[in-house]
Number of protein chains: 2
Amino acid sequence: MKTLKIGLLGLGNVGTGTYEILAMNAAKISALTGCEIVISKVLVSNINKKRSLNLPADLLTENAADILSDPEIDIVVELIGGIHPAFDYMLTALQNKKHVVTANKAVIATLGDELMSAAAASNVLLKYEASVAGGIPILNALSTALAGNEFDEIVGIINGTTNYILTQMTDFGLNYDDVLKDAQAKGFAEADPSSDVEGEDVAYKLSILIQTAFGLKIPPLSIPREGITKVSKDDIAYASQFGYKIKLLATAKKNGSTLECHVQPALIPVSHPLASVSNEFNALFIKGNAVDDLMFYGKGAGSMPTGSAIVGDIIDIARKLDCLPCCLTPQISAPTKLIFAGEGKSMYYINFLVADVPGVLGKVSTIFGDHGISIESVMQRSKGKSEGEDVPVIYILHESSRQQLDPALAEISSYPFIKEVRSILRVEPLN
Amino acid sequence: MKTLKIGLLGLGNVGTGTYEILAMNAAKISALTGCEIVISKVLVSNINKKRSLNLPADLLTENAADILSDPEIDIVVELIGGIHPAFDYMLTALQNKKHVVTANKAVIATLGDELMSAAAASNVLLKYEASVAGGIPILNALSTALAGNEFDEIVGIINGTTNYILTQMTDFGLNYDDVLKDAQAKGFAEADPSSDVEGEDVAYKLSILIQTAFGLKIPPLSIPREGITKVSKDDIAYASQFGYKIKLLATAKKNGSTLECHVQPALIPVSHPLASVSNEFNALFIKGNAVDDLMFYGKGAGSMPTGSAIVGDIIDIARKLDCLPCCLTPQISAPTKLIFAGEGKSMYYINFLVADVPGVLGKVSTIFGDHGISIESVMQRSKGKSEGEDVPVIYILHESSRQQLDPALAEISSYPFIKEVRSILRVEPLN
């Protein structure tokens with residue numbers, strides 16, 4: 001049996017998972033690929049560090065060139081993360097005619113084109129299923145079995161940390177700050193959680209999804225994004241009373257010839273399958289013009305689920321090894337003529353803090369109407385407030401654009417009875 | 001651009017959908033495959049029949065040989081259904097070195113081996129994504145992106161007709177017979193619904209899933225199966241009071257060295273993602289030893305969703321056309337050493353009708369205990385019954401085997417106060 005040699009860059013969480021899966025399922029993987037798959041070298045920053053995996057000392061190296069320049073290594077698996085030196089290592093590997101498998105969303109979303117060109121020039125494969133939604137095989141599905149569809153919409157919950165925080169806030173009526181602290185203590189959130197909670201991590205993944213599904217390249221950090229740091233437990237409670245849950249959504253939807261996309265906390269109906277995606281789970285809801293509604297649900301992070309995606313990519317390369325370059329199917333979809341757009345029209349949830357004086361509801365509602373915005377529901381809660389204390393008023397508005405909404409809110413805010421516009425959240429009817 | 005010619009066998013529901021998708025998404029499909037894909041001949045039983053599609057008359061034929069023997073046709077898409085002549089047509093097509101795409105679960109589940117051998121001998125591809133769960137790309141996922149996993153469990157809701165009936169019974173408290181009549185009137189159920197409601201359709205699909213995920217061939221009709229005809233609205237209501245929904249489940253799970261599999265209505269916790277799969281939707285819940293829990297959700301039938309799977313298979317073949325036979329990746333998983341087993345241990349739901357006399361609960365509970373079966377919950381409902389009228393008693397039992405359970409039920413039934421054992425249903429904790 002042929003031996004296929006892998007050089008692993010990084011032996012953290014996912015690197016360890018990948019190593020363990022290749023060992024645990026070796027018999028099946030060999031039967032499927034006709035290859036014995038061997039990790040022949042592992043790049044680490046300190047070869048003397050104590051690790052959970054008990055590896056032979058000569059397997060480890062602190063020198064990337066030991067992998068990138070080893071002519072015997074067929075596949076380089078990059079699991080260092082970050083842009084540099086991960087990008088540079090991958091580029092060198094591809095130029096040296098090694099296939100590359102990576103989980104690196106930041107590099108693929110920002111510098112993926114350069115790597116793809118290098119892969120094409122060398123007749124090797126570049127695969128990155130693990131870069132989006134961990135163990136959920138979404139990129140593969142979009143680019144193979146579902147490729148006969150034009151996609152109308154992708155809506156995803158693709159960050160486990162924020163979904164865990166929002167789920168805990170929702171289920172136990174807790175504050176953002178308290179849940180974050182608890183999540184950090186449990187290792188579910190990073191010490192510096194900003195990339196997760198500010199939506200940057202999701203924007204990288206959404207950019208890769210958009211390129212795969214729509215063939216459109218959008219710089220990830222140009223995607224309008226808002227994190228979950230301003231979502232309050234009150235908003236979650238009010239949303240619940242209207243029949244909604246608040247989730248951090250990655251959204252890309254076709255709107256005529258434009259593609260609307262954004263990363264935002266939004267209200268979704270409790271009856272929608274996405275609403276039941278809790279804690280660290282991820283899910284992607286897709287609408288194709290042939291297949292209609294589909295949802296994929298699973299673990300979006302973790303050493304073994306992400307390792308599953310890495311190993312799936314390794315198997316794909318192993319199966320194609322004997323028939324390259326004819327098997328170089330690009331993972332990217334056909335380019336479309338869509339134009340990138342930011343936020344389109346939407347229903348909105350608005351949380352005002354108002355003075356408890358007569359006529360407020362009438363005035364605010366009239367101003368919305370003057371701006372052509374209709375009201376779907378309104379709720380004023382004075383219960384538990386003392387006489388004269390400010391009270392929350394919640395509006396759910398029918399579809400409008402921010403161009404319509406913002407002047408209306410500015411006019412409303414000019415009245416002294418409006419103490420604060422506390423939240424503006426999209427409502428995704430997802431019908 | 002190269003032209004790839006397709007011969008379509010059958011122009012019913014799915015044939016029409018396939019035709020429409022290839023036309024609607026032609027630009028994208030050409031860009032992805034580098035081929036213009038053309039349906040060059042369509043086999044129908046009557047070329048003069050009025051159809052929704054307005055096809056040129058010379059495209060239609062009543063003679064299968066016009067397709068099977070046409071040297072210009074590259075791919076034969078079989079959408080006739082049933083075993084014969086569908087199997088014979090596919091065999092001839094493969095022997096004539098044509099790739100075959102089919103939605104035919106009955107042929108693949110029972111005679112798939114013969115077709116695969118014929119495909120291998122001719123260096124062509126045989127693909128059948130559409131045969132299981134319509135638009136949900138489950139076979140592709142199991143055999144490609146998830147192939148690095150050993151699978152522990154697959155539990156599916158893979159028949160839309162029965163799921164529609166059970167959903168309507170659950171949501172509106174209706175009887176089976178009434179919902180079935182309504183479903184037939186709406187075209188959601190066949191005039192002869194037996195293959196759906198007796199679980200045969202599900203058994204075919206489960207057999208294909210087992211072969212794909214576990215590499216184990218099980219004759220579909222040897223899989224223990226039970227339909228939904230005996231599920232009563234009372235059982236659904238009692239199950240709901242214990243926190244469960246009743247769904248028709250296709251189950252395959254590893255149990256040491258055996259594979260337990262069956263098709264049965266079963267109780268699943270309302271909080272499990274499968275419980276929210278309603279009406280005509282299908283879903284597959286999978287546990288892999290690396291990826292952990294995954295769920296795929298979507299439309300399991302219908303002309304466009306099933307056509308999506310057919311077109312996905314056509315695209316896969318088109319992409320590999322230039323590099324056969326080296327790209328002949330088998331869709332079947334590596335063989336495993338699992339042994340086919342029927343029902344394993346399970347929790348059970350038992351619905352007794354008993355005489356309203358003192359001591360019944362004590363006696364029944366004691367007999368279960370004598371047989372080593374513990375009781376998880378019990379509920380007796382006398383409300384609304386007249387004095388002396390028989391009453392239902394519902395038990396939820398902890399894990400036992402049928403070898404334990406059946407003698408216990410026989411002993412219990414020998415007492416005159418037991419009027420009837422009305423239901424024995426599995427409870428799937430799905431944890």
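The legends below describe close-up views of a predicted model with chains A and B. Residues are numbered from 1 along each chain as its sequence is written, and chains are lettered from A in the order in which they are written. Because the model is predicted, local features need pLDDT of at least 70 and side-chain atom pairs count only at pLDDT 80 or more, whereas totals for chains, interfaces and linings use all residues.

**View 1. The relation between chain A and chain B.** Chain B is superposed on chain A by a rotation of 180° with 0.0 Å of shift along its axis, at an RMSD of 0.0 Å (least squares on the C-alpha atoms of residues with pLDDT of at least 70 in both copies). The two copies are therefore related as by a two-fold rotation axis. In chain B, the C-alpha nearest this axis belongs to F296(B), at 2.4 Å from it. The copies meet through the same surface, because 100% of the interface residues of chain B are also interface residues in chain A.

**View 2. Domain 2 against domain 3 in chain A.** An automatic or database domain assignment divides chain A into domain 1 (2-135 + 303-323), domain 2 (139-299) and domain 3 (346-427). The C-alpha centres of domains 2 and 3 of chain A lie 26 Å apart, and 14 residues of domain 2 are in contact with 11 residues of domain 3 (contact: C-beta atoms, placed from the backbone, within 7 Å). On the side of domain 2 that touches domain 3, α11 (233-241), β8 (244-255) and β9 (258-269) of chain A each supply at least two residues (helices are DSSP runs of H or I with at least four residues, strands runs of E with at least two, numbered from the N terminus). The largest share of that side, five residues, comes from α11(A).

**View 3. Helices α13 and α14 of chain A.** Helix α13 (residues 360-370) and helix α14 (residues 402-413) of chain A pack at an angle of about 150°, with their axes 9 Å apart (axes are lines fitted to C-alpha atoms over the stretch in contact, and angles run from 0 to 180 degrees between N-to-C directions). The two helices, α13(A) and α14(A), are therefore roughly antiparallel (angles over 145 degrees). V364(A), I367(A) and F368(A) of α13(A) make the contact with A408(A), E411(A) and I412(A) of α14(A).

**View 4. Helices α2 and α12 of chain B.** Helix α2 (residues 26-33) of chain B packs on helix α12 (residues 303-320) of chain B at an angle of about 35°, and their axes are 9 Å apart. Here I29(B), L32(B) and T33(B) in α2(B) meet I315(B), A318(B) and R319(B) in α12(B).

Definitions and conventions:
Contact = placed C-beta atoms within 7 Å. Parallel < 35°, antiparallel > 145°, perpendicular 65-115°, else oblique.
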